[in-house]
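Please go through the briefing below with the sequence and the model side by side. The points are grouped by topic.

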Amino acid sequence: MVDPTGLRPRALQLQAYAKVNLFLRVVGKRPDGFHEIRTLFQTVSLSDSLSVRLTPGGRPAVKLTCSREDLQGEDNLAWRAADLMLRLSGLAAQIEITLDKAIPSGAGLGGGSSDAAAVIRAVASMLPTRPAAPALFEVAAELGSDVPFFLLGGTAIGTGRGTELSPLADLRPAAIAIAQPAEEVSTGWAYRALEEHRAGLTPDSDRGKIEGFDLSSNAPAVGPLPGSREGMVNDFESVVFQRYPLIADLKERLQALGAQPALMSGSGSAVFGVFESYQSARLVARTLRAEGFAAWPAEYVGRAASRVPGTSDFDSAGG
């Protein structure tokens, strides 16, 4: 183990931002069992708050205290991230995490993945020798397909299973309203349902084209231009809306309230709409809360906001 001599206890306060998918296409299933996707990730200002404290010396241990008791314990991605970072560093230390949840679960907003990435960033910045970025991206990918993106934040194209990232320049500021019905959607179910839906959708002779998207090996890798409203599409809507019509209704409600456009994020169940101003987004969120939905105003967040205080940003993405 790394000798902790001279290393003092340290603590950091961080925000773990949610994400939305500005487009999400599912290309097919990979030999490793994951799905090949093409997506445009965007971090938004809805966030969890974390305190991460590292105390050197003694037996390695992780302690997590969460505002939601059902999310405490070793299954939490934030706990697992801290445990993996201790193993990676070989440091004899204790890590204490206090997590205040605001991002809802089962919403397609990446809350658990963002929490894990925040812990990775925090612990890496506290170590005597900071691990190289590729090693941190490997830890992130082991935890989940969305976690590597949250090490970057901002705007990025995700391909492969979502872990192959192409960072983009920040999009122009935009205000959104995020809303969620009571339903939570299982990502595993959504992938299986989409496979079944597509199997019966087109004949074998036309498998290269599904719902207007070129799935051939020669298809462009990036999809529509970033921020293109015409290109904002989510393949999961075709199956999620059928099983959960209230989510489809919520998208229509956002559009009726002026969203241009509205889209489900990830595999759901959250839907977001883009509005002309933060004030408009805030009023829409207030309206939807009065109608019984959970709802939040938010804004696009650039890459710089994901930096750990006192450190520089990552220079490269995992591939």
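Strands S1 and S2 form a hairpin with five residues between them, and Gly33 in the turn has a positive phi of about 95°. This is a predicted model, in which local features need pLDDT of at least 70 and side-chain atom pairs count only at pLDDT 80 or more, while totals for chains, interfaces and linings use all residues. Residues are numbered from 1 along each chain as its sequence is written, and side-chain values use heavy atoms, with hydrogens and water left out. Strands (E, at least two residues) and helices (H or I, at least four) are DSSP runs, numbered from the N terminus.

**Strand S2 and its partners**

- Strands count as paired if DSSP finds at least two bridges between them.
- S1 (residues 10-29) runs antiparallel to S2 and is joined to S2 by 18 bridges; Val26 has Ile37 of S2 as its bridge partner.
- S2 (residues 35-56) is mostly covered, with 17 of its 22 residues buried. Buried means under 20% relative accessible area, exposed over 50%, and partly exposed in between (1.4 Å probe, protein chains only).

**Thr155 in S5**

- Thr155, found in strand S5, has a relative accessible area of 1% and is therefore buried.
- Leaving aside residues up to four places away in sequence, Thr155 touches Leu40, Phe41, Gln42, Pro167, Leu168, Ala169, Asp170, Leu171 and Arg303. Contact means heavy atoms within 4.5 Å.

**Helices H2 and H3**

- H2 (residues 111-126) and H3 (residues 133-143) pack at an angle of about 155°, with their axes 10 Å apart. Axes are lines fitted to C-alpha atoms, for helices over the stretch in contact, and angles run from 0 to 180 degrees between N-to-C directions.
- H2 and H3 are therefore roughly antiparallel to each other (over 145 degrees; under 35 is roughly parallel, 65 to 115 roughly perpendicular, and the rest oblique).
- Ala116, Ile120 and Ala124 of H2 make the contact with Leu136, Val139, Ala140 and Leu143 of H3.

**Helix H5**

- H5 (residues 187-199) has 13 residues and reaches 19 Å from its first C-alpha to its last, close to the expected 18 Å (1.5 Å times one less than the number of residues).
- Buried residues in H5 include Trp189, Tyr191, Leu194 and Arg198.
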